[in-house]
Amino acid sequence: MLPVMDFAFLRSRLCGLLLFSVLVGGSLPTSAATVVHLHFTDVQGNGWHVRDATLKMLWHSPTQVEVQLLVTSLHLPLPPPFDQLQGVEATCATAAIERNAIRCDQGTIQLQAPILDQKPTRVSFHYQRDSGA
């Protein structure tokens, strides 16, 4: 039986990082599509650890951005084999950017793990900076 995964702790950190990136990117000129690439060699939190992550954002307008997050290695406080994931890819073709929030209604996530279906899975999220939820 697969464990129930509550990614709230990781989601809040990654969404916070994404929101920071959005705020930085939002100050860039957007008369044409603007591309922002950020690379992180090591990001850690309470019980989790991301190694070699790349965040790519393609700005279509000041409030619409295409996002791709690639993570080479992700360590989580979960039982094996879910504690170490390789090749995590999360995308959102049309993320909506608001003053203190990010929303993705049609995103995907794909995990490279032999025991999981390696096809992209549809996801959606709404991250509110003020509450962290």
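Q: Which residue's side chain meets that of R103 in a salt bridge of 3.0 Å, N to O?
A: This is a predicted model, where local features need pLDDT of at least 70 and side-chain atom pairs count only at pLDDT 80 or more, while totals for chains, interfaces and linings use all residues. Residues are numbered from 1 along each chain as its sequence is written, and side-chain values use heavy atoms, leaving out hydrogens and water. A salt bridge has a side-chain nitrogen of Lys or Arg within 4 Å of a carboxyl oxygen of Asp or Glu. The partner that R103 meets at 3.0 Å is E98.

Q: Which residues do salt bridges with shared partners join into one network?
A: By the same rule, the count comes to two salt bridges. D105 forms one with R103, the closest N and O atoms being 3.3 Å apart. Through shared partners, the network joins E98, R103 and D105.

Q: Does E98 count as buried, exposed or partly exposed?
A: Buried means under 20% relative accessible area and exposed means over 50%, with partly exposed in between (1.4 Å probe, protein chains only). R103 has 29% relative accessibility, so R103 counts as partly exposed. E98 has 35%, so E98 counts as partly exposed.

Q: What is the strand order of the open sheet?
A: Strands are DSSP runs (E, at least two residues), numbered from the N terminus, and two of them pair if DSSP finds at least two bridges between them. Six strands form the sheet, with antiparallel pairing. Their order is β1-β2-β3-β4-β5-β6.

Q: Which are the edge strands?
A: An edge strand of this sheet pairs on one side only. Here these strands are β1 (34–44) and β6 (121–128).

Q: How many bridges join strand β3 to strand β4?
A: Strand β3 covers residues 64–75 and strand β4 residues 84–97, and the two run antiparallel. Q64 stands opposite A96 in β4. The number of bridges joining β3 to β4 is 10.

Q: With which residue does the side chain of T72 make a polar contact of 2.8 Å?
A: T72 sits in strand β3 and, at 39% relative accessibility, counts as partly exposed. Leaving aside residues up to four places away in sequence, T72 touches R51, D52, L85, Q86 and G87 (contact: heavy atoms within 4.5 Å). A polar contact is a pair of N or O atoms within 3.5 Å; within protein, one must be able to donate a hydrogen and the other to accept it, and residues adjacent in sequence count only if both atoms are side-chain atoms. The side chain joined to that of T72 at 2.8 Å belongs to D52.

Key
Helix = DSSP H or I, 4+ residues; strand = E, 2+ residues; numbered from the N terminus.
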